[in-house]
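Biologist: Could you walk me through this model and tell me what stands behind the words you use for it?

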Amino acid sequence: MRSSDQSTRDLVRTIKGAGWDYSKTRHPYFEIERPKGPNYCIYNRRHMAVCFDDHSTEEGYWWLRCQVAVLHTGELPIQFEGPDAENLLNKLFTKDFTKVKEMRCGYGLACYEDGGLIVDGIVVRLDKDKFWYAQADGDFYSWARAHASGLDVKISDPDVFVSQVQGPNAMKVLALACDNGMPENFGYFAVSRVSLGGQEVVISRTGYTNELGWEFYTEPHHDPYALWNHLADAGKSYGMEIFGLDAMNIRRIEAGILNAGSDFNHTTNPFEVGLGRFVDMSKDDFIGKSALLNVSRGLRHFGIKCISGEPMISGEVNKKGEYIGIVTAGAISPYLKHGIGYVLLERSAFNFDEEIEIKCRDGSMHAANLVELPFYDKLAEIPRGKRIDTPKK
């Protein structure tokens, strides 16, 4: 859960020359982002822009909330193909993937044998025996390979890159970009193959923002520059801009979306961090099921509201002077106009609206309250297209 010193951070620079960068991968839109002055983190050994020199984090946030914004992510799709692909996914994940139909998505949450969490992501079912798992940052490929022994399934890296198009104008951009009109039955968590500027592209009704949106998957056979130019032309009249993870991070906190490795990890089980609804204890078996039958189900992960400051990541959380936990995420919400974030508490003995003290970016302790997530849109009506909520900047 540790970052740097909360005053500086270490990001990736692009410099002239050759040398030691063997384990890092640029995404197909790197050259398109370069003029904007991107600053990258490394996510799944891939570059993902956290911010750009040509606009502020707050500007990016408002593009997302009021217009439409694109993030070329570092998510890592892993391909599972073969007669036993479904059986293996059902073993690896807590949800029942026999219920996920072709051309649909499912949320894939993986546990260790002791019930601790490994990683999460979106499973895309492309065919009866073919899946992509677009995973968050974490060690999963080798874990999957190890548990596939004896099964008729091939696990591979298809060299696919995921980009998110999110915001109230996202579906308008898609409608204009599709050569043959909007895909049919493209509801929440649906998958489709569409023609975009003459190239067939897999898209899904998913995202990391809880805004209206969709994602597209760039494969090795695509011409990424032609694809981007086609999408950019469609997005011009709707104010579409490329933005970074810092801006998206604010919105995902507002939405109650967790980050693997920081908001949850191997020391937390799904119930403790509010992900119990994604655990299907009625299915025959999955890795970690027997342990989860007996673990604590008390909530340890809460949202926090701080009127007077910005919660500091890794900052301590106190109750009447007693240390009770740590801040795992923090930001100032331009929409809510106060500090927001998450805390992971040492024990499950606390309630919503309870008063606590947290360490903030200014180095001092501030009063805060534990709150239920998400901060607004409790029924997730915005991403489902059931509620139009475009705030004024």
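Modeller: Gladly; here is how some of the terms apply to this model. It is a predicted model, where local features need pLDDT of at least 70, side-chain atom pairs count only at pLDDT 80 or more, and totals for chains, interfaces and linings use all residues. Residues are numbered from 1 along each chain as its sequence is written, and side-chain values use heavy atoms, with hydrogens and water left out.

Biologist: What does N44 touch?

Modeller: Contact means heavy atoms within 4.5 Å. Leaving out residues up to four places away in sequence, N44 touches G74, E75, L76, Q135, A136, D137 and G138.

Biologist: And what makes α2 and α7 oblique to each other?

Modeller: Angles under 35 degrees count as roughly parallel, over 145 as roughly antiparallel, 65 to 115 as roughly perpendicular, and the rest as oblique. The axes of α2 (residues 57–66) and α7 cross at roughly 55 degrees, so the two helices are oblique to each other. Those axes come within 7 Å.

Biologist: Which residues meet there?

Modeller: T57, G60, Y61, L64 and R65 in α2 meet D246, A247, I250, R251 and E254 in α7.

Biologist: How do you know that β18 and β19 pair?

Modeller: Two strands pair if DSSP finds at least two bridges between them. Five bridges join β18 (residues 355–359) to β19 (residues 365–371), and these strands run antiparallel.

Note on methods:
Helix = DSSP H or I, 4+ residues; strand = E, 2+ residues; numbered from the N terminus. Axes fitted to C-alpha atoms, helices over the stretch in contact; angles between N-to-C directions.
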